[in-house]
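Dear colleague,

Please find below the structure that I am passing on to you. A short account of the findings follows it.

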Amino acid sequence: MKSQVLEWSEELATGLDIVDNQHKGLINFINDLTNNIDLDHKKELKYFNSVKDEITNYIIEHFSTEENIMELNNINKRFLDQHRYEHSTFIKKIGGIIETSEINFSLDDVVFFLIEWVINHINQTDKNSLNKGMIT
Ligand SMILES: [Fe+2]
């Protein structure tokens, strides 16, 4: 049976439907990855290779949605710069995982990293800088 490791809840709400829906999509990706954790790392890598482009593109599009919203709403530049920095660091990290995946791959490491980053980022950065109250 498929398990839901992560579930979206109101606690993760940024107050912007488009962003919240994309966050739900991200959580679905993480749950799908989690359901493909296997003792056989070769099998895991095969699965990861089949979804990595889709996930990466989804994330890139999601980040640009957030950054566009912040730009359009003239959010404090300090918030925008910090947010952009976090996004680009994350993309680099994902790129590194993909680059080295043929050598030493473990899907549970990837899932652990994603869960930690996504939840922290939503809670600490997205909620602060995308919250309706911050957008003037
Ligand atoms: Fe963000």
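Leaving aside its neighbours within four places in sequence, with which residues is Val118 in contact? In this predicted model, Val118 is in contact with Leu26 and Ile30 once those neighbours are set aside.

In soluble globular proteins, nonpolar side chains tend to be buried together.

Helix H4 spans residues 107-130 and has a kink of about 40°, centred on Ile122. The buried residues of H4 are Val110, Val111, Leu114, Val118 and Ile122, together with Asp126, Ser129 and Leu130. Among the elements that cover them are helix H1 (17-34), H2 and H3.

The pairing of H2 with H3 may also interest you. The axes of helix H2 (residues 41-72) and helix H3 (residues 77-100) cross at roughly 175° and come within 10 Å. Angles over 145 degrees count as roughly antiparallel, so H2 is roughly antiparallel to H3. On the H2 side, the contact is made by Lys52, Thr56, Ile60, Phe63, Glu67, Met70 and Glu71. H3 contributes Leu80, His83, Arg84, His87, Ile91, Ile94 and Ile98. By type, the residues of this contact comprise 7 nonpolar, 4 charged and 3 polar.

With kind regards

Notes: Residues numbered from 1 in each chain as written. Predicted model: local features only at pLDDT ≥ 70, side-chain atom pairs only at ≥ 80, totals over all residues. Axes fitted to C-alpha atoms, helices over the stretch in contact; angles between N-to-C directions. Helix = DSSP H or I, 4+ residues; strand = E, 2+ residues; numbered from the N terminus. Parallel < 35°, antiparallel > 145°, perpendicular 65-115°, else oblique. Contact = placed C-beta atoms within 7 Å. Nonpolar A, V, L, I, M, F, W, Y, C, P; charged D, E, K, R; others polar. Bend = angle between axes of the 7 residues up to and from the residue. Buried ≥ 20, exposed ≤ 12 C-beta atoms within 10 Å, placed from the backbone.
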